[in-house]
Amino acid sequence: MRTMAGSQIKSWGMRLMRTKGRRRAVVAVARKLAVLLHRIWIDGSEFRQEQVGGTA
């Protein structure tokens, strides 16, 4: 399901796209999401939107 709500990852990716280009931003956002999902999988925690942020 697709959501129209904004997120910190999306705004970070959009800023990155303006400075570094679309392809690099897509890869960076995909990597950030992969690391986040891996961390959740390893320690069994739940996703909390407010804790997501920072830089890659």
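Ser7 counts as partly exposed because its relative accessibility is 26%, where partly exposed means between the limits for buried (under 20% relative accessible area) and exposed (over 50%), computed with a 1.4 Å probe on protein chains only. Ser7 is placed in the segment before helix α1, and a polar atom of the Ser7 side chain lies 3.1 Å from the backbone nitrogen of Lys10. This is a predicted model, in which local features need pLDDT of at least 70 and side-chain atom pairs count only at pLDDT 80 or more, while totals for chains, interfaces and linings use all residues. Residues are numbered from 1 along each chain as its sequence is written, and side-chain values use heavy atoms, with hydrogens and water left out.

The helices named here are DSSP runs (H or I, at least four residues), numbered from the N terminus.

In α1, the buried residues are Ile9, Trp12, Gly13 and Leu16. Seen down the axis of α1, these residues fall within an arc of 100°, so they line one face of the helix; the arc is that of the directions from the helix axis to the C-beta atoms. What covers the buried residues of α1 includes α2, where contact means heavy atoms within 4.5 Å. Just after α1 comes Gly21, which takes a positive phi of about 105°.

In α2, Ala25, Ala28, Lys32 and Ile40 are buried. They cover an arc of only 105° around the axis, which puts them on the same side of α2. On the other side of this helix, Arg23, Val27, Arg31, Leu37 and Trp41 are exposed, while the cover over the buried residues of α2 includes α1 (8-20).

A search of the whole structure finds one salt bridge, a term that requires a side-chain nitrogen of Lys or Arg within 4 Å of a carboxyl oxygen of Asp or Glu. Arg39 forms a salt bridge with Asp43, and their closest N and O atoms are 3.7 Å apart. Both residues lie in α2, four residues apart, which is about one turn of the helix. Arg39 is partly exposed, with a relative accessible area of 46%, and Asp43 is also partly exposed, at 45%. After α2 comes Gly44, whose phi is positive, near 70°.

Notes. Helix = DSSP H or I, 4+ residues; strand = E, 2+ residues; numbered from the N terminus. Polar contact = N/O pair within 3.5 Å; in protein donor to acceptor, adjacent residues only side chain to side chain.
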